[in-house]
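Dear colleague,

I am handing over the structure below, and after it you will find my notes on what turned up when I went through it. Please read them with the coordinates open beside you.

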Amino acid sequence: MKLLAFAASSSKKSINKQLVTYAAKQVAGAEVELLDLNDYELPLFSVDKEAELGKPALALAFLDKIAASDAILISFAEHNGSYSAAYKNLFDWCSRANGKVFQGKPMVMLSTSPGARGGASVLAAATGSAPFFGGQLKASLSVPTFHENFDVEKQELKNEELKAKLVTALASLT
């Protein structure tokens, strides 16, 4: 299985990137491609920019990565209860080129934050909208209080209950 994984964040120290990297390694036998949204930075989307630029090569390249995958794993950063600007902007550009951004791929969506809700608001938005954009949502998991539940030195979940839930969620991809 070709697994496409990324954090919906542009932070170089993203806790969501740490989580998605760890999670991707738990999918036995998967060929993992881990993307960095910083490699897909685009001008702020608007219909005026779209008229000027057309469909940017970086958005089309991102869509090609999705097309070439068998499954998708995303961990969402929550900014003020919603998507990070980096993710939302890339998603907007991609959706104009292909309204079914996720192209029928099975997916698991994650989120984490330093707080007790673990990015639950953005995860709810993402899971609620995925089917409209061609995603086959198989499972989702919010990891609360990241620094209490994730060992940053070992780069792994240390909370056994969350680890078991993650394993179950990831098993739904195969």
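Why are Glu 160 and Lys 163 separated by about one helical turn? The two are 3 residues apart in helix H7 (residues 160-171), and therefore about one helical turn lies between them.

Before going further, please note that this is a predicted model, in which local features need pLDDT of at least 70 and side-chain atom pairs count only at pLDDT 80 or more, while totals for chains, interfaces and linings use all residues. Residues are numbered from 1 along each chain as its sequence is written, and side-chain values use heavy atoms, with hydrogens and water left out.

Salt bridges

A salt bridge here is a side-chain nitrogen of Lys or Arg within 4 Å of a carboxyl oxygen of Asp or Glu, and by this rule the count comes to 7 salt bridges. Glu 160 and Lys 163 form one of them, with their closest N and O atoms 3.5 Å apart. Glu 160 is exposed, at a relative accessible area of 54%, where exposed stands for over 50%, buried for under 20% and partly exposed for what lies in between (1.4 Å probe, protein chains only).

Another salt bridge joins the side chains of Asp 92 and Lys 88, at 2.6 Å from N to O; these residues are 4 apart in helix H4, and so again separated by about one helical turn. Asp 92 counts as buried at 19% relative accessibility, whereas Lys 88, at 37%, is partly exposed.

Lys 17 forms a salt bridge with Asp 36, the closest N and O atoms being 3.3 Å apart. This pair links distant parts of the chain, 19 residues apart, with Lys 17 in helix H1 and Asp 36 in the loop between strand S2 (31-35) and helix H2 (47-53). Both partners count as partly exposed, Lys 17 at 26% relative accessibility and Asp 36 at 25%. Helices (H or I, at least four residues) and strands (E, at least two) are DSSP runs, numbered from the N terminus.

The sheet

An open sheet of 5 strands runs in the order S2-S1-S3-S4-S5, with parallel pairing, two strands being taken as paired if DSSP finds at least two bridges between them. Its edge strands, each pairing on one side only, are S2 and strand S5 (136-143), and the twist averages 15° from one strand to the next. Strand S1 (residues 2-8) pairs with S2 in the parallel sense over 5 bridges; Leu 4 stands opposite Glu 33 in S2, and Lys 2 opposite Glu 31. Of the 7 residues of S1, 6 are buried, so this strand is largely enclosed by the rest of the structure.

Helix H3 (residues 57-67) and helix H4 (residues 85-97) pack at an angle of about 80°, with their axes 9 Å apart. The axes are lines fitted to C-alpha atoms, for helices over the stretch in contact, and the angles run from 0 to 180 degrees between N-to-C directions. H3 is therefore roughly perpendicular to H4, a label that covers 65 to 115 degrees, with under 35 called roughly parallel, over 145 roughly antiparallel and the rest oblique. Ala 59, Leu 60, Phe 62 and Leu 63 in H3 meet Leu 90, Trp 93, Cys 94 and Ala 97 in H4, where contact means heavy atoms within 4.5 Å.

In helix H1 (residues 15-25) we find Gln 18, which is buried at a relative accessible area of 18%. Not counting residues up to four places away in sequence, Gln 18 touches Lys 13, Phe 146, Phe 150, Val 152 and Gln 155. Ala 23 also has its place in H1 and is buried, with a relative accessible area of 0%; leaving aside its neighbours within four places in sequence, Ala 23 is in contact with Leu 73, Leu 110, Leu 166 and Leu 170.

Backbone points to check

Most residues other than glycine have a negative phi. Thr 145, however, has a phi near 35°; Thr 145 lies in the loop between S5 and helix H6 (146-149) and counts as buried at 18% relative accessibility. Gln 155, which is not a glycine, has a positive phi of about 55°; its place is in the loop between strand S6 (150-151) and strand S7 (156-157), and at 31% relative accessibility Gln 155 counts as partly exposed.

With best regards
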